[in-house]
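Colleague: I would like a close look at one part of this model, taken slowly and with its surroundings included.

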Amino acid sequence: MARNKIALIGSGMIGGTLAHIAAREELGDVVLFDIAAGVAKGKALDIAEASPVFGKDSKLAGADDYAAIAGADVCIVTAGVPRKPGMSRDDLLGINLKVMKAVGEGIAKHAPDAFVICITNPLDAMVWALRQFSGLPHNKVVGMAGVLDSARFRHFLADEFSVSVEDVTAFVMGGHGDTMVPLLRYSTVAGIPVPDLIAMGWSTDAKMEEIVKRTRGGGGEIVALLGTGSAFYAPAESAIEMATAYLRDKKRVLPCAAHLTGQFGQDDMYVGVPVVIGAGGVEKVVEIQLNAEEQAMFDVSVDSVKGLVAACKALDPSLA
Ligand code: APR
């Protein structure tokens with residue numbers, strides 16, 4: 001059976017890390033695409049030269065021609081610009097919207113059957129625009145944010161409780177911005193909900209509030225530390241988890257920016273919600289019950305995404 005083909009649109013910090021992980025996991029053959037052809041080709045060759053050492057046979061290639069992504073099973077999009085210290089994700093909208101147009105058209109022409117995972121920020125608006133520009137089915141275009149935000153949340157919780165990250169489940173809903181909604185009630189250690197752990201004296205409400213705040217600002221914390229560019233290891237791992245769920249039909253339940261058609265009271269919106277990912281792409285939106293406080297936080301977050309989508313429509317009338 002032929003190997004899967006994974007096209008990485010954007011070969012910068014996240015794109016290169018994605019290629020490295022995909023090759024090490026032998027998830028499929030990898031094409032790195034970038035307007036900077038040398039970067040794409042150089043990273044492909046560097047990883048290919050590492051492959052005899054790590055002992056995997058994925059083929060790697062670099063390109064600046066969309067024809068190279070032809071027939072891809074999965075496209076992971078990181079093309080665009082990242083934040084600089086002091087910038088919010090929303091400040092990237094004008095530049096990255098133009099990039100989404102080029103990428104959407106390239107995917108539509110050369111890889112219309114792919115499962116597309118968008119990482120470019122501001123995430124929820126960019127994945128919405130990418131879907132519009134590409135015209136692909138909504139269930140085949142999804143945004144990576146919730147897995148990353150939840151991973152940050154899980155890391156902080158595991159650290160606070162001094163337990164393995166493997167035993168902490170947590171999820172974050174809403175837009176991938178400062179208004180995201182980390183849900184303590186649905187976060188557990190080996191199935192024990194966080195509120196029960198607080199009642200057991202494992203931590204305090206004040207500490208949990210700090211962790212929620214740190215999770216919301218998790219991306220900005222890394223941007224400030226790096227000084228140039230934004231996080232790349234955790235975003236790449238998160239997107240690989242989603243790609244694997246699709247390619248291996250695992251039916252994972254993962255928080256992703258998915259298209260809503262009435263769920264959670266939202267229509268024609270991309271925003272972070274729990275979904276099932278399998279061979280059918282986004283196979284189901286898991287419509288959990290939010291309490292009044294959670295719903296209010298979710299609505300604020302959705303409103304900020306709506307504002308960004310309106311800004312996209314104003315910048316590019318073809319989206320209106
Ligand atoms: N087509 C293809 N590639 C492009 C295009 C385009 N139109 N425009 C820019 N690129 C490429 C750049 O040449 C660069 O190699 O996208 C790559 C982006 O890489 P980085 O600058 O290293 O950014 P990265 O850290 O990978 O983040 C990418 O993901 O998390 C988000 O906010 C982040 O929007 C940013 C994106």
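Leaving aside its neighbours within four places in sequence, which residues is Asn-121 in contact with?

Modeller: Bearing in mind that this is a predicted model, Asn-121 is in contact with Arg-89, Leu-92, Asn-96 and Met-126 once its neighbours within four places in sequence are left aside. Asn-121 sits in the loop between strand 5 and helix 4, and it is buried, because 28 other C-beta atoms lie within 10 Å, where 20 or more are needed for that label.

Thr-120 is also found in the loop between strand 5 (115-118) and helix 4, and it is buried, with 29 other C-beta atoms within 10 Å. Not counting residues up to four places away in sequence, Thr-120 touches Val-77, Thr-78, Ala-79, Gly-80, Asn-96, Val-99, Met-100 and Met-126. The unreviewed UniProt entry places the feature "binding site" at a set of positions including Asn-96, Ile-119, Thr-120 and Asn-121, and Gly-15 is among them too.

Val-77, which Thr-120 touches, is one of the residues that touch the most other members in the largest nonpolar core, a set of 97 residues, together with Leu-8, Cys-75, Ile-117 and Met-242. Helix 4 (residues 123-134) gives the most to this core, with eight residues. Domain 1 (5-144) and domain 2 (146-314) both contribute residues, so the core lies between them. As for Leu-8, its contacts beyond four places in sequence include Gly-15, Val-30, Leu-32 and Ile-76.

Notes: Residues numbered from 1 in each chain as written. Predicted model: local features only at pLDDT ≥ 70, side-chain atom pairs only at ≥ 80, totals over all residues. Core = buried A, V, L, I, M, F, W, Y, C linked by C-beta atoms within 7 Å. Buried ≥ 20, exposed ≤ 12 C-beta atoms within 10 Å, placed from the backbone. Helix = DSSP H or I, 4+ residues; strand = E, 2+ residues; numbered from the N terminus. Domains from an automatic or database assignment. Contact = placed C-beta atoms within 7 Å. UniProt positions renumbered as here; feature names shortened; annotations may be inferred.
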